[in-house]
Amino acid sequence: MAEFDLSEAVDYHYDRFPPETLDMRRLIKPLSSAAAALARYDQMLKGMHNSEILLAPLRNQEAVVSSRMEGTVSTLDEVLRYEADQEDDGAVDPHRYRSEAVEVYLYSRALTQAHQAIKDGASISPWLIRSAHRVLLGFGRGASLNPGEFKTEQNYLADRSRRKVQFIPINPQALGLGMEKLTDFIDDDEWELLIRTALAHLEFEALHPFKDGNGRVGRMLITLMLWHYGAIEAPHFYISGYFEERRDEYIDKMRAVSARGEWTDWILFFLAAIEEQANRNLIQAERIRSLYEEMKEEFRRLLRNQWSITALDFVFARPIFRNNIFTGRSGIPAPTAHRLIRILSENRLLETVESAAGRRPALYRFEPLLRLVRD
């Protein structure tokens, strides 16, 4: 980093995590407001017919925004098209998609696999974190950046446009103990959960344990902690939008912890993020649920058979899909499935993205849902 200016760099806060004291007087009201907003969102999750189906597109949109914060620019449609082809027996032409779309797809996949590992009994441990990172950087540009392996050389957070180092994370020699302290803290239920999540997210970013992908893994941890420790019914809480809009403040608040011990100010910022995103997520989830109820009646009216809800659930879970995946994996008999696709297309509920060509099946898009969840 000799070519970068280190004069304004803030060093990691050695031996000061977790903080010994916080100003609880300042935290009580914001904590109550954030918890109430999160509880309202959770009630929505509990009342949903199937949150995994209905909110799957929001997970993909979170992947888009979280990756964009790391400089990876893709679109929801591009990622969903890649996901559709990946599901088609993984037969994806590597030249058809930009590496950025692959990276965003891998974020969604890493979060899903970490969720499943915890459901199967894993704890939020260094092993789980490394496993998520291994998936996140599994192929494409990330494959050369030591996926699943903690750093062995000092890394830095820099403002590349100004050629200035902003933060110097923990050194590799101290990382093992730092990760152990972090994961012990994550599981310490003597700390209130939202405060614990705020501090754990900051500490992970300050450790910066990997060569690349730290920001994305750190934001995954927020969702996993809130779900694993019971604040939300399902792992569908997406916070990257707030952080992206306030990127400079987000970085400054974290640097101020290491520079001046401003732990309480960081927690206040984080609680505001939780409250704002809980309210946004609630509005978005309500819109999706309302669309689902509207489409339920429309699918029944148009399709007029026992498979209408099965077809509806399929297109909500996969708003972009190949025809052969619908006919082969929806559970609907193939002749009926072909007829349903034709009816939905004729009534413009499905749009043809790519027509069938040779052995390549047609690609369809469920536009009513995508309109709700795009940027």
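Q: Where is alanine 337 found?
A: In this predicted model, alanine 337 belongs to helix 15, which covers residues 334-346.

Q: Buried or exposed?
A: Alanine 337 counts as buried, because its relative accessibility is 0%.

Q: What separation do the C-alpha atoms of alanine 337 and leucine 38 have?
A: Those two C-alpha atoms are separated by 39 Å, and the residues are 299 residues apart along the chain.

Q: What about aspartate 42, which residue does it form a salt bridge with?
A: Aspartate 42 pairs with lysine 46, and their closest N and O atoms are 3.2 Å apart. Both residues lie in helix 1, four residues apart, or about one turn of the helix. Aspartate 42 counts as buried at 6% relative accessibility, whereas lysine 46 is partly exposed with a relative accessible area of 47%.

Q: How many salt bridges does the count come to?
A: The count comes to 28 salt bridges. Another one joins the side chains of glutamate 354 and arginine 360, at 3.9 Å from N to O. Here glutamate 354 is buried, at 16% relative accessibility, and arginine 360 is partly exposed, at 27%.

Q: Which residues are linked in a network of salt bridges?
A: Asp5, Glu8, Asp159, Arg162 and Lys164 are linked in such a network.

Q: Which residues gather in a patch of negative charge?
A: The surface patch of negative charge is made up of Glu180, Asp184, Asp187, Asp189 and Glu190. Glutamate 190 is placed in the loop between helix 7 (172-186) and helix 8 (193-207). It is exposed, with a relative accessible area of 74%.

Q: New topic: how many aromatic pairs does the structure hold?
A: The structure holds 23 aromatic pairs. One of them, between phenylalanine 321 and tyrosine 364, is tilted, with 5.9 Å centre to centre and 40 degrees between the planes.

Q: Which parts of the chain does that pair link?
A: It links distant parts: phenylalanine 321 is in strand 4 (residues 320-322) and tyrosine 364 is in strand 6 (residues 363-365), 43 residues apart. Phenylalanine 321 and tyrosine 364 are both buried.

Q: Which rings are linked into a cluster?
A: Ring pairs connect Tyr242, Phe243, Tyr250, Trp266, Phe269 and Phe270 into a cluster.

Q: Why is helix 13 described as largely enclosed?
A: Helix 13 (residues 308-317) is largely enclosed by the rest of the structure because seven of its 10 residues are buried. The buried residues are Ser308, Ala311, Leu312, Asp313, Phe314, Val315 and Phe316.

Q: Turning to the backbone, is the peptide bond from phenylalanine 17 to proline 18 cis or trans?
A: That peptide bond is cis, with omega near -10 degrees. Proline 18 lies in the loop between strand 1 (10-11) and helix 1 (24-47).

Q: What is phi of aspartate 15 near?
A: Phi of aspartate 15 is near 65 degrees, a positive value in a residue other than glycine. Aspartate 15 also lies in the loop between strand 1 and helix 1, and it is exposed with a relative accessible area of 76%.

Q: Why point these out?
A: Most residues other than glycine have a negative phi, and most peptide bonds are trans.

Q: What about phi of histidine 208?
A: Histidine 208 has a positive phi of about 45 degrees, although it is not a glycine. It is found in the loop between helix 8 and helix 9 (214-228). Histidine 208 is buried, with a relative accessible area of 12%.

Q: Last one: where is glutamine 154 found?
A: Glutamine 154 is found in the loop between helix 6 (126-136) and strand 2 (157-159). It counts as partly exposed, at 27% relative accessibility. Its C-alpha atom is separated by 8.9 Å from that of lysine 211, 57 residues apart along the chain.

How values were computed. Residues numbered from 1 in each chain as written. Predicted model: local features only at pLDDT ≥ 70, side-chain atom pairs only at ≥ 80, totals over all residues. Heavy atoms only, no water. Patch = residues over 30% accessible without salt bridge, like charges linked within 9 Å, V, L, I, M, F, W, Y side chains within 5 Å. Areas by Shrake-Rupley, 256 points an atom, 1.4 Å probe, with all protein chains shown as cover. Salt bridge = Lys/Arg side-chain N within 4 Å of Asp/Glu carboxyl O. Lys, Arg positive; Asp, Glu negative; His and termini not counted. Charge placed at Lys NZ, Arg CZ, Asp CG, Glu CD. Helix = DSSP H or I, 4+ residues; strand = E, 2+ residues; numbered from the N terminus. Buried < 20%, exposed > 50% of the residue type's maximum accessible area, 1.4 Å probe, protein only. Phe/Tyr/Trp six-rings, centres within 6.5 Å; stacked < 30°, edge-to-face > 60°.
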